[in-house]
Amino acid sequence: MQTILITGGAGFIGSHLTRLFVTKYPHYRIVNVDSLTYAGNLANLKDIESAPNYTFVKADITDMNAMQQLFQQFHFTGVLHCAAESHVDRSITDPLSFVKTNVLGTATLLQVAKEAWKTDFNGKLFYHISTDEVYGSLGDTGFFHEHTSYDPRSPYSASKASSDHFVRAYYHTFDLPVKISNCSNNYGPYHFPEKLIPLSINNIINNRPLPVYGKGENIRDWLFVEDHVNAIDLIYHNGKIGETYNIGGHNEWTNINLIKELCRQMDAKLNRPAGSSLQLITFVKDRAGHDQRYAIDATKLKNELGWIPSLQFEEGLAKTIDWYLNNSNWLNEVVTGHYQEYYDKQYH
Ligand code: NAD
Ligand code: DAU
């Protein structure tokens, strides 16, 4: 019997991870702790909220007392640590909130887990979910490997890099059983529309400008979110303690080509004349310190655990667009109020 703490389970990736573990492992008890920031949304978990093996607790991971009480109450055997401030643009306007949650929050959880588990680390696991952005920015060639030196360049990636270092420090110094995975850009249902793909989908639906930073030539490696959480599941159960695994889509797109593909698919789905959404593309001021290219080499994960992405990008994108078109209530609810304020400040 495992009792697993998932942090940030009400966010984008966390909700897919929570759904997977709750449904695939009915004999595990899953506790989702989330402070419900602007990015946390319990509607993401509506379908599993009454599952007998699922519990939600609203708490902040930087609150040491609250985390200690949770460990005392539930006797966790594992932690899947997903909670974070995750948007690069917000890290440029408010870096310290990233230091607080991503660095202090991770260190708090590590310390609480170490103390709670210190009599016996056997059968325990602290799994830290991280990003490829810690490796910095690539030129035209090459890939990020597990041994690529860290070179974070935004406050977001610096805070994630710092949290990765703390996780490894607890492994080396205290023998805390840990695993880390560093993943490329995710997309799919429940993605908050501050990120490129859901923001563009929402704007195409509403015939609003599609803001493209700089010349749109930056490259990202996109992975369908369910492929990411399936990889996490594999690594959690079969990966080696103390190891890092890169997870990636083998799927590089320039932002401008990705947006053109979105426009093409959405014009067809919305019965608009082909090419009409392309008119919405608007080049805007570049992101400060904008990383040029990310690309993951996920050979280790393939060779050791047999993981490969299941979906072709065009297919994943079509599934994602369909989800947003069929879930307009979800979308309309998250783009009101604070989102509108954020949007106006960021883009005007
Ligand atoms: P998200 O912003 O959608 O969700 C983050 C969740 O964490 C939210 O539910 C939020 O309420 C919660 N949270 C934030 N601060 C908290 C705090 N102090 N205490 C408790 N809960 C808190 O993020 P996401 O895109 O789902 O990313 C999840 C994780 O995966 C992050 O660690 C991120 O760095 C990593 N990651 C994301 C991507 C991606 O493309 N989105 C890729 C690789 C890695
Ligand atoms: O690589 C993994 C990372 O991917 C995760 O760690 C982050 O949490 C996640 O947010 C994502 O970071 P990016 O900065 O790559 O994602 P975003 O969707 O913000 O931007 C993707 C690209 O699109 C990037 O080159 C910036 C560009 N962009 C983004 C927005 C929001 C635009 O051109 N216009 C926009 O309005």
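The model is predicted: local features need pLDDT of at least 70, side-chain atom pairs count only at pLDDT 80 or more, and totals for chains, interfaces and linings use all residues. Residues are numbered from 1 along each chain as its sequence is written, chains are lettered from A and ligands numbered from 1 in the order in which they are written, and side-chain values use heavy atoms, with hydrogens and water left out.

Strands (E, at least two residues) and helices (H or I, at least four residues) are DSSP runs numbered from the N terminus. Two strands pair if DSSP finds at least two bridges between them. Between E7 and E9 the pairing is parallel, over three bridges. Asn185 has Trp222 of E9 as its bridge partner.

Phe224 lies in strand E9 (residues 219–224). Phe224 is buried, at 4% relative accessibility. Buried means under 20% relative accessible area, exposed over 50%, and partly exposed in between (1.4 Å probe, protein chains only). Residues up to four places away in sequence aside, Phe224 touches Tyr187, Gly188, Pro189, Leu311, Gly316, Lys319 and Thr320. Contact means heavy atoms within 4.5 Å. Ser184 is 40 residues from Phe224 in sequence, and their C-alpha atoms are 10.0 Å apart.

His250 sits in the loop between strand E10 (244–247) and strand E11 (252–254). His250 counts as exposed because its relative accessibility is 54%. Beyond neighbours within four places in sequence, His250 contacts Asp221, Ile296, Ala298 and Pro309. His250 and Pro309 are 59 residues apart in sequence, and the C-alpha to C-alpha distance is 8.3 Å.

Ser15 belongs to helix H1 (residues 12–24). Ser15 counts as buried because its relative accessible area is 0%. Not counting residues up to four places away in sequence, Ser15 touches Gly9, Asn44, Leu45 and Tyr190.
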